Amino acid sequence: MRLLLSVSRRKFFYEKFFLLKHTPSIIKMSSASIVASINYCSIQISNYLGISTVILGVLGGIFNMIVFLSLRIFRESSCGIYLIVMSCVHIFQLAFGYFYRILTVGSLAPWLDVSILSCTVRMYLSQICGVISVSCICLAVIDQYLATSKYPRLQQWSQAKVNKRICVLMCLFWILLCSPHLIYLKPVYSSLTNATICTIINPTYQNYFNRVYMPVISYAMIHSTNAIFAVLAYQNVQEISYRTVPLVRCQHEVQITRMILIQTLIGVSISLPYFIISVLTNNIRFTNDPVILAKIQLTLSVALWMNFVYFAVSLF
């Protein structure tokens, strides 16, 4: 009996000593497996959801281009130039911006290296496409507010010739404003991920991009203007039936305005999660816990996919 008791005690103390000795390694192994599982989910989201979004978005963008160029209602519309440019930008953003990221992040094309061409130029063009897209929908909302206004002086500003010039100036503005990307955005090797990543190498421009350009210029300023004129345009549409306007023109203006307002609402709601997460991750230092970092990366992957869904939405 004593022999059995001593053996059981030795076994108990041995198991306790073994657990105390190897607990860090066990926790480390479990953390590594959790991180690997989370990273696998992030890759699968990029592969399956991302590729489906690219295919549907590119096809929808081509269909939109055919509709905008073939139907008379859009060709003669004052905001038709904004819709055409926006569709072209969406096709380019999905086909060359998001699809290349899927190939590299999703490990579908491991032979693709992060070079200056694929990092600096691609990110520069992708950034321009993003701001031009939201600017086009914002200018389209403003144009519909002017077109549906009850004041003839405001209606005179809703002209196709004027909008074409505004569209050219808007594109030139964003091309020049985003030009520092070509200088400060470079591929850099990261010791944490053991891979080459695209990052801004200038701390001053990094602070400007994280605290001014991204939260204020490219999102808050554009979307707040968009929301204000969307409400004003909606009020004009509600009152347009009581005015002495030709029935055909009234129906066309109401139809185009409703489509633009729906696109605006969906665009703001879809891009909001990615905007919030990007601002938090760029301005707040999180813990070095690999599990938490992997969860943040998973959340960012889902939010990024939702952000690119905006370019694939075809409600027209």
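1. Helices (H or I, at least four residues) and strands (E, at least two) are taken as DSSP runs, numbered from the N terminus. On that basis the protein has 10 helices and two strands, and from the N terminus the order of elements is α-α-α-α-α-α-α-β-β-α-α-α.

2. On the basis of the analysis: this is a predicted model, in which local features need pLDDT of at least 70 and side-chain atom pairs count only at pLDDT 80 or more, while totals for chains, interfaces and linings use all residues. Residues are numbered from 1 along each chain as its sequence is written, and side-chain values use heavy atoms, with hydrogens and water left out.

3. On burial and surface: of the 316 residues of the protein, 39% count as buried, where buried means under 20% relative accessible area, exposed over 50%, and partly exposed in between (1.4 Å probe, protein chains only). The accessible surface of the protein is about 18,600 Å², and carbon and sulfur atoms account for 69% of that area. Accessible areas come from the Shrake-Rupley method with a 1.4 Å probe; for residues, only the protein chains shown count as cover.

4. On contacts (heavy atoms within 4.5 Å): taking those in the protein between residues at least 6 apart in sequence, 77% join residues at least 24 apart.

5. Arg122 belongs to helix α4 (residues 116–147). Is Arg122 buried or exposed? Arg122 counts as buried because its relative accessible area is 18%. Not counting residues up to four places away in sequence, Arg122 touches Phe96, Gly97, Tyr100, Arg101 and Leu117. Leu182 is 60 residues from Arg122 along the chain, and the C-alpha atoms of the two are separated by 9.8 Å.

6. On cysteines: zero disulfides are found in a search of the whole structure, a disulfide being a pair of cysteine sulfur atoms within 2.5 Å. Cys88 is partly exposed, at 38% relative accessibility, whereas Cys178 is buried, at 1%.

7. A nonpolar surface patch is formed by Val168, Leu169, Leu172 and Ile175, with about 370 Å² of accessible area together. Patches are made of residues with over 30% relative accessible area and no salt bridge; like charges are joined within 9 Å, and nonpolar side chains (Val, Leu, Ile, Met, Phe, Trp, Tyr) within 5 Å. A salt bridge is a side-chain nitrogen of Lys or Arg within 4 Å of a carboxyl oxygen of Asp or Glu. Leu169 is placed in helix α6 (residues 160–177) and is exposed, with a relative accessible area of 58%.
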